[in-house]
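I opened a notebook page for this entry and wrote down what I looked up, in the order I looked it up.

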Amino acid sequence: MKVIVCENYGEMSKEGAKIIAELLKEKPDCILGLATGSTPVGMYEELVKLNKAGEITFKNVSSFNLDEYYPLSPEHDQSYRYFMNKNLFDHIDIDKAKTRVPNGLAKDPAAEGESYDKAIDEAGGIDLQVLGVGQNGHIGFNEPEEELYVGTHLTSLTESTIEANSRFFASKSDVPTKAITIDMGSIMKAKRIIVLASGKNKHYVVSKMLDDRITTSVPATLLKLHGDVILICDKAAYEG
């Protein structure tokens, strides 16, 4: 695992955007795996700037997001579809028909998961997967468990994740308790992965990612098995 330690959040965001920009220039029709949450927002802002400056284009790019709350409408202002439109898609030259987020209103979540995985495979797989990481080590919504699922699936969120995400909702009781998420196996199939981590509250999980052990109780540690992972973090996350 390659580690890039940045001075602050802004520098981390620019470093992540730089890696994506390089891929877009090398492979204009690449398949991006995208993440939500507060951590990648700065990186998305940097990509918007580069796009508006004419330095990169998303015209031929396709994307798949990691997860979506369930049950939640894509029009809901806390849905991840809404998040992606607001923070990236509405401001760049991407074809939204080529952007996909799990259907948070799917009547059959299992069928939705199978369809999502099939679509990724038919697209040729993820060229670059962007990940944030939860304070408890969750990736996407693959929460700490003794066992982890295979395939995109409906999962229950842990109390710590609900608590962490409650800042985005009017109250904790409004936070959905379930989500549809890509599984760790699918994430590991990505050709390259970048992980963004910022702030002292991420130091624990960053330290676990950099030690010599792997455990499903900290799903992010499974990334050690991947051959091309770049961890981009600020000093607060790295040093604690």
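Is Phe-141 buried or exposed? I looked this up before anything else. Phe-141 has a relative accessible area of 2%; the cut-off for buried is under 20%, so Phe-141 counts as buried. I note that I am working from a predicted model.

**Overall form**

I counted eight helices and ten strands in the protein chain. The radius of gyration is 17 Å, close to the 18 Å that the globule rule gives for 240 residues, so the chain is as compact as a globular protein of that length. I found that the C-alpha trace spans about 45 × 45 × 35 Å along its principal axes.

I then looked up burial and contacts. Of the 240 residues, 54% count as buried. Taking contacts between residues at least 6 apart in sequence, I found that 77% join residues at least 24 apart.

For the surface, I noted about 11,000 Å² of accessible area, with 49% of it belonging to carbon and sulfur atoms. For charge, I noted 27 positive and 36 negative side chains, the centres of the two sets lying 4 Å apart.

**Aromatic rings**

The structure holds five aromatic pairs. Tyr-69 sits in strand S4 and Phe-141 in the loop between strand S6 (128–131) and strand S7 (153–156), and 72 residues separate the two. Tyr-69 is buried too, at 1% relative accessibility.

Next I looked at Tyr-80 and Phe-141. Their ring centres are 6.2 Å apart and their planes are at 15 degrees, so this pair is stacked. Tyr-80 belongs to helix H3, so the pair ties together parts 61 residues apart in sequence. I also recorded one aromatic cluster, formed by Tyr-69, Tyr-80, Phe-141 and Phe-169.

How many of the eight residues of H3 are buried? I found six, so H3 is largely enclosed by the rest of the structure. The buried residues of H3 are Tyr-80, Arg-81, Phe-83, Met-84, Asn-85 and Asn-87. Their cover includes strand S2 (31–34), helix H2 (41–52), strand S3 (62–65) and helix H5 (159–165).

Last, I checked the loop between strand S4 (67–70) and helix H3 (80–87), where Pro-71 lies. The peptide bond from Tyr-70 to Pro-71 is cis, with omega near -10 degrees. I set beside this the general rule that most peptide bonds are trans.

Methods:
Residues are numbered from 1 along each chain as its sequence is written. This is a predicted model: local features need pLDDT of at least 70, side-chain atom pairs count only at pLDDT 80 or more; totals for chains, interfaces and linings use all residues. Side-chain values use heavy atoms; hydrogens and water are left out. Helices (H or I, at least four residues) and strands (E, at least two) are DSSP runs, numbered from the N terminus. The radius of gyration is taken over C-alpha atoms; the globule rule is 2.2 Å times the number of residues to the power 0.38. Buried means under 20% relative accessible area, exposed over 50%, partly exposed in between (1.4 Å probe, protein chains only). Contact means heavy atoms within 4.5 Å. Accessible areas come from the Shrake-Rupley method with a 1.4 Å probe; for residues, only the protein chains shown count as cover. Lys and Arg count as positive and Asp and Glu as negative; His and the chain ends are not counted. The place of a charge is taken as NZ of Lys, CZ of Arg, CG of Asp or CD of Glu. Rings of Phe, Tyr and Trp (its six-membered ring) pair if their centres lie within 6.5 Å; planes under 30 degrees apart count as stacked, over 60 as edge-to-face and the rest as tilted.
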